[in-house]
Structure formats: structure tokens, C-alpha cells
Amino acid sequence: MVQDRETSSPEMNLEVEGVWKAFPGVQALADVSLQVRRNEVHAVVGENGAGKSTLMNILSGVYAADRGRIFLEGQEIRPANPKHAYNLGISIVHQENSLCSNMTIAENIFVHDIPSRWAGLVDRRRLGAQTQAMLEMFKIRASPETLVRELSVGQQQLGEVAKALACQCKVLILDEPTSALTDHESAILFDRVRQMRAQGTSVIYISHRLHEVFRLADRVTVLRDGRGVGTQHISETDVQAIVRMMVGREISQFYPDKGEGHGVPVLQVCHLTHEGSFEDINFDLHRGEILGVAGLIGAGRTAMALAIFGAVPGVKGEILIDGKLVTIDSPNKAIDLGMSYLPENRREEGLFLDMTVQANIISSHLDAFATGPLMDPLKERSEAQRFVDALSIRTPSILQKVLNLSGGNQQKVVVGKWLSTKPRILLVDEPTRGIDVGTKAEIHNLLRELANEGVAVLMISSELPEILGMSDRILVMHEGRVMGVLPADEASEDAVMSLAIGS
Amino acid sequence: MATEEMDRAEEGKGPVWRTVLTRVMRVREAALMLFLLLVSFVLTLSTPYFLTLQNMRVILTGLALDAVIAVGMTITLVSGGIDLSVGSVFACSGIVVAKLINVGFPVWSAVLVAVLVGLGWGLLTGLLITKVGINPLISTLGTMGMARGVVYVITSGRVLAGLPDSFQRVGQGRILGVPNVIWMAAVVVLTGDFLLRRSRMLRQVFYVGGNERAARLSGININRVKLGVYAITALLSGAAGVVETSRFASAISPMGTGKELTAISACVIGGASLSGGEGTVLGAFFGLLLLGLIRDGLILNDVSVYWQQLIQAAILVLAVAFDVLTRRRRNV
Ligand SMILES: Nc1ncnc2c1ncn2[C@@H]1O[C@H](COP(=O)(O)OP(=O)(O)OP(=O)(O)O)[C@@H](O)[C@H]1O
Ligand SMILES: [Mg+2]
């Protein structure tokens, strides 16, 4: 049945025609078409659960479409599995990290074609050298022999990108490659993407950071509820118009009002040090404020938050809560002291993937859903339903396994889980990672409401606009040290960035 | 569009979730029930003796103590662990109770000490796993060997008998014509099933088995949960061993051999995942029933014991293979 196509226009590299895909309870894609030119960066945007990743998974051979056809350079193709798609010239960076965490960076980057010598033995030296070059390009400070699980989420994401860039491919798919990266690292990626575009590669680029889309892409296709809404030239449209196409209504682009002054210090951190990740951290977190934490990948922000939350052993320094010295040696203790930590790495640290949406949302404070020693199914269900509604989590039921949700919806489940505990000190690490514009505003409002109710919020984010828009004060870290704390009215993109890169 | 939104919202609340719930919760048990009926039907055709009250009682009595152990094993598997020591702990408690009575302990205190010995093994396993950090497979392999060693040390390979009537009555008596052991199993299975579904303490076990790191960051005390899991399992195994000794009015050193295989098979057939986070007690009980019926069918049809052993192990491998194949993750 595979046939040549007469009608295809010669400048189209990849064409998708009327693709359908259903999962139990969900029509993920309905009659979606997409045309990508040679020498083009083509953005695909849409709300969480719109079907973007599903479409990419079909192109890269992870799923088979129920209906529809795909043409590469005018030839109909049917990617049967990821390896097949790769051999056809389609390379993908998945939204969720797919690196093998127990293998080295080098082995991961060159998983498809490991340099080898005679008899198929791995050519270690060539592998190391090639990997080193990749790492230097992205300024990842790690040796090629480092195990992937020792890298931060951002570094893993860079590694993932490096892996995809290592190939000679016709189509490169990047599914939210920058969700854990700061502008600094994104810029390096963008340079490389432009280079590939110049060499004739088609790049499909998915992101919820629309300003990136407008910086990088040539055209943009919008998906909504599994259907294509339209394709536009970037030069002929603007962010507002795209947002309208995505959600079908206006979304306010404004951040909630800032808090008024701040109260007493609730959390005081003195000389906090952890060999190799951060050194001599000092700051106060006040009642009712949002303290933004900015810094590049590898600045030690997550390590610091985990240390405060008692999840890392061997930390030196002092932590005071309400002016009293406390020892926090386990997350359990931290929670007892009124803390919550929304982790950055949702799949490893936030979610129980094989369990239901409901089970995940209630997981952080079972006591609240129990009557005596027994769980109360009614309370469990109503809490889960409340957050599914509040955060518009797209799922056929609250008993769907979290594994089957789209990436952004998984993130919403993590957010719901931690907002449903009623902490006095809330540490959030990339809270809106991979979340669409509409819900992002929702989460920002929720965070500000909590602060207004007196919760002390520490917000780590790699997205500078979010840091600037949300924070009352901004703490900037660089290579494990605090470079400064800026009040909101003195902070600007440049001021934060220059501290973050250490100058 | 608007109606689609509403449909979706409806789906979240209305009767749809209930059907989904029942589907998810019951599907394994329902399939097992059907399968049980099918096997029973075939067995009835092959020998008319199968479908007699007498035979039913034999089957149920035969698997009653296995059911008690399987309750513990289900909890262990849900926690993402495994316990190979159940058979040896069973034997150890069974031997200890006989020995203590023989040397003159009053029955009640002998029983109490023997059950506590079981608990002790569980705590030891739990500490090896949580404090020392040895993985469950090796830890329980270790306690399995040690507990069996204690059995041989105590008995020197001899049979311990001469137990008083008051003790024998525990395992041999009947209430309303139904053997005590069946009553005990029924109570343990039903309570276990209810608690595993509903109790707050045991709910934590699912999270630990689902994603240990996330559970820790959710404020669950991983070590305490694990310690509890192995303690409960060993306690149940030990208690079952005591009843076994009472039932046969004697204790022999190989008692309980292979019970771990039976229990693990039953749990996996009943839907427990070897990678943790999933499983129900009722499912495990049905799994056990299925194994029991098959064994009974083999006996009634004069299949040799050696074949029975082979077939049971093959069933375990099949069940695990099925488990692994149907649980392939969407690893994107
Ligand atoms: N394996 C699966 N089983 C069941 N449903 C699935 C599966 N994969 C995706 N879905 C559903 O298909 C829909 C589209 O998901 P997809 O991952 O393509 O969204 P997305 O546009 O990439 O969203 P996000 O921005 O959150 O990444 C969602 O409703 C999701 O729940
Ligand atoms: Mg996606």
C-alpha cells in the first residue's frame, strides 16, 4: 500500500494527513493534518491534553495511528517502532525524560549508533570525545562517564536534546525541550536548532512558552481538543491571537497583584552548606510573601530546597522556624513542621504513576481523608474532584491512572497534591513546568491567594517572566551560592540574569 | 465544544466513574471467579466426587492456613517487597510451640511465645531491609535459612508429638460443623481485605510500593511502613504455624516447605504486582482457591505428587509472565 505521491508539493518535507487516535475514554486526535517544510521550524501549540505529544508519538513510531497517512519527502511512511522511525530520519526529544538513568551520559547520547571498533566492541575513546564535545556545547559541567541519574532535571533535558542533535535526521521533533531550562540554556539550544534548520532539517517544536515560539518558529499550528485549529505564519500573528486559537477565549496575561509588604520571618536559613551542591546559603522567608529563586541550571536551587525539606543527609548549617532552631532530618519532620515541597521532577519524586488521579492527589496528607483509622472514600473523592475541577485536569475520570494523562495534566496533579495540604511554608520547584497558559494563570492566582492568607512561599522557577511577575523578592543563585536578594521593584530581567551568570 | 466540555465534566462525577470503579476494582476478581467456575465445572465432569460437601471441606481446610499467609504476602507485595521466609517462620513457630509445651510451659504461654517468635523474625527481616539496606529478596532468603536452621536445631530432625487435648482443640475443633481453621482463615481474609482497602495505615503501603521516593517526599515514613509490613507477614505466618501444629497434634521439621511459592503464586494470580503498588487480599484468596482446585483435581485424577510440584511452579511462572506482559509501561 505504500506509494509515491504525485500531489505533494516539493518544498514539504513532512506531511500528516487526517490522523486519528483514540485511547480508552479519550479521542486524543481527530482528523489532524500538519505540513512541515524543509528549512523550517514549525511550532505546535495547544492546551494540556490537546494531543501534541500523541501526534509526535505517532510520527516517531511509539503509537500507531487509528487512521490517517504520513508522508516523508513525498513517500508514504508507517513508522512501526521508534527504531524504525529513527532509521527513516525522524528523531525525537520526548517530553518526559527517556534517558536510561543507570547508564552514562555518553551511552545515552549515542544509544542509536555507538561508535564501535571491529567485532562490535565499543570504541570508548571516540565515544568519550564525541560526548565531551556535545557536553561542552551545552556547557554541562559533567564528565561523559557520569551516570544520568546524578544529573539535575535540567541537565537531563539538555542531555536529551544533545542525544537528538547527535543524529543526522530529516525531521527533528522537540517536545517541550525547554520546560526545565532557563533562557540561558534555551538560547544555546535555539542557536543549534537554527543551524540545523539552515542545513535543511525540519524541526517540529512544542512549547507552552509562547514567547519562545515567537522567537524561534517560522510557522505555528494550533491544536485544540485533538483537532487542528489552523496554521499561521509567525510574522502574521501575535501571542494573543494564538492564545485565543488555543483556548477559545481571552486569557489575562497579567500576574496577580503583589503582596503588601511582608510579615515576620517564618523560615530562617543560616549558613546552609552541602558539599558539592551549595555553600553558605543565608536568607529569611517571611509570612505572606512569595520569594522567587532564580538561577541557571546547576545553580543548586533544587538541592537547596530538598535540603531544607530534610530530604538530603549530611547538610550543615542552621534552620529556624518561627525563630526556633529546628532539626529537619526527614521530609516527614518537615511536613510536621508545616512545610510542603512540590518537587521539580514529577515522575520520579512527585507522582505515583501507576496509581489513580485520586490516589495521587490525596497522597500527601492521608490523615485529612480518614475518619479514625479508616479512610473515608467520600472525602477522598470530593477532594480529588475539587482539584480536577479547579485546575481543569483533563482526564476521563478521577480513577484514571496518572500514567495515562498528558504531561501538563500530570503536572497539575502534582500541584493539586501539594496545594491540598495546608502548609505554612510552601516550597515549590518549577510549579508550572509544562502547564498551558490558561492553567498557569490559575496556579499563579492560587499561589498568590495562599500568600495572602499568610503562607510563606518559596518559588523556584527557570522562567524569568514568572519569577519577575510573581515574586515579592527575588533570590538569585549562581554555582551554589546566593548572589543577592532583589526586591521586586528593583528587579529587572537584566539585573537577575547578570547575577545568575555570576557577574 | 461547549457540550463536549460538559460531557467531560459529567464523566468525572456521574455514574460513569462508578462503572469505571467497578471495572477497575472487580475485573481481576470477576475474571478469576469465572475461571474458578470453569475449572470446577471441568473437575465435576472428570470426577463426580469433586462436587461433594466432603470434598469442599477438604479443599478449604487444606488451604485455610495458606490463606492466612497469603494475606501477609499480599501486603508485602503491595509494598514492593517480597517475603521468602514465610514457610520457615511458619515452621519455626510451629516447632517452638510444640517444644515449649513438651518442656512444660502452659499452653497459652507457649502459644504466645511461639507467635512472638514469628513476629521477631519479621522484625529482624524488616531491620535488615530498612536499617542495613539489604534488598528484600536476599534479606528474606537469609531469614528463611536461619529460621529453618533453628527448626532443625530444636528438633534434631525428630517429630515433636505428645501435645495435650486442650492444645489440639484449637486446630481440630469445629464450630457449627465448620472446622476452626476455616473460621480463622475467613476472619483473617475478610478483615485483611477490608483493612487493605480502607485502613489509613495500610494505604501507605500502596504509596511505598508505587514510588518509594515520592512516598518519602509525601511525608510517609518508609522505614516504619516496611518494618510493619514484614512484621505483619511474619506474625501471620507464625500464628498459622502454631495452628498447623495443633491441627496435626505434632510438628515435624520440614513443615511449611514451599509455602512461599504457594503464597506468591496465589497473590500474583490474584492481581498483585511484583513491582509493587497493586494487589488485593480477596484476589489472592481467589488465586489460592484456584491453585487448591487444580491440586485437588490432580489428586482426584491420580496425578503423581511430582507432577503437582511441577505444575504449581509452572503456574507461578505463567502468572508472573502475564503480569509482566500486561504491565508494560507507556515509557514515553
Ligand atoms: N496512553 C494513553 N492512554 C490513555 N490516554 C492517553 C494516553 N496518552 C495520551 N492520552 C490522552 O490523550 C490526550 C492527549 O494527550 P497528549 O499527551 O497528546 O497531550 P499534549 O497536547 O501533549 O498535552 P501536554 O501539553 O500536557 O503535554 C490526553 O487527554 C491524554 O490523557
Ligand atoms: Mg505533551
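**Exercise 1. Work out which way the residues of strand β7 of chain A point, and whether they are buried or exposed.**

Solution. Start with the side chains: A:Val171, A:Ile173 and A:Asp175 point one way from β7(A), while A:Leu172 and A:Leu174 point the other way. Whichever way they point, all are buried. Here buried means under 20% relative accessible area, exposed means over 50%, and partly exposed is in between, using a 1.4 Å probe and protein chains only. Since five of the five residues of β7(A) are buried, the strand is largely enclosed by the rest of the structure.

A quick word on what you're looking at: this is a predicted model, where local features need pLDDT of at least 70 and side-chain atom pairs count only at pLDDT 80 or more, while totals for chains, interfaces and linings use all residues. Residues are numbered from 1 along each chain as its sequence is written, chains are lettered from A and ligands numbered from 1 in the order in which they are written, and side-chain values use heavy atoms, with hydrogens and water left out.

**Exercise 2. Find the strands that β7(A) is joined to.**

Solution. First, the ground rules: strands are DSSP runs of E with at least two residues, helices are runs of H or I with at least four, and both are numbered from the N terminus. Two strands pair if DSSP finds at least two bridges between them. Now look at β6 (residues 90-93) of chain A, which runs parallel to β7(A) and is joined to it by four bridges. Across that pairing, A:Val93 stands opposite A:Leu174. Next comes β8 (residues 202-206) of chain A, also parallel to β7(A), with five bridges. There A:Leu174 stands opposite A:Tyr205.

**Exercise 3. Describe the surroundings of A:Thr182.**

Solution. With 4% relative accessibility, A:Thr182 counts as buried. Then list its contacts, meaning heavy atoms within 4.5 Å. Leaving aside neighbours within four places in sequence, A:Thr182 touches A:Gly295, A:Leu296, A:Ile297, A:Arg301 and A:Ser462. The C-alpha atoms of A:Thr182 and A:Ser462 are separated by 4.7 Å, although these residues are 280 residues apart along the chain.

**Exercise 4. Give the strand order of the open sheet with six strands, and its edges.**

Solution. Read across the sheet in chain A: β16-β19-β20-β13-β21-β22, with mixed pairing. The edge strands are β16 (339-342) and β22 (481-487), each pairing on one side only. Now zoom in on β13 (residues 290-295) and β20 (residues 456-460) of chain A, which pair in the parallel sense over four bridges. In that pair, A:Leu291 stands opposite A:Leu458.

**Exercise 5. Say which chains surround ligand 1, and pick out some of the atoms involved.**

Solution. Count a residue as near the ligand if one of its heavy atoms lies within 4 Å of it. That gives 22 residues, and the closest are A:Lys52, A:Ser53, A:Thr54, A:Ser406 and A:Gly408. The surrounding residues come from chains A and B, so the site is shared between chains. Finally, check individual atoms: a polar side-chain atom of A:Ser53 lies 2.7 Å from an oxygen atom of ligand 1. An oxygen atom of the ligand is also 3.1 Å from a polar backbone atom of A:Asn404.

Conventions: Polar contact = N/O pair within 3.5 Å; in protein donor to acceptor, adjacent residues only side chain to side chain.
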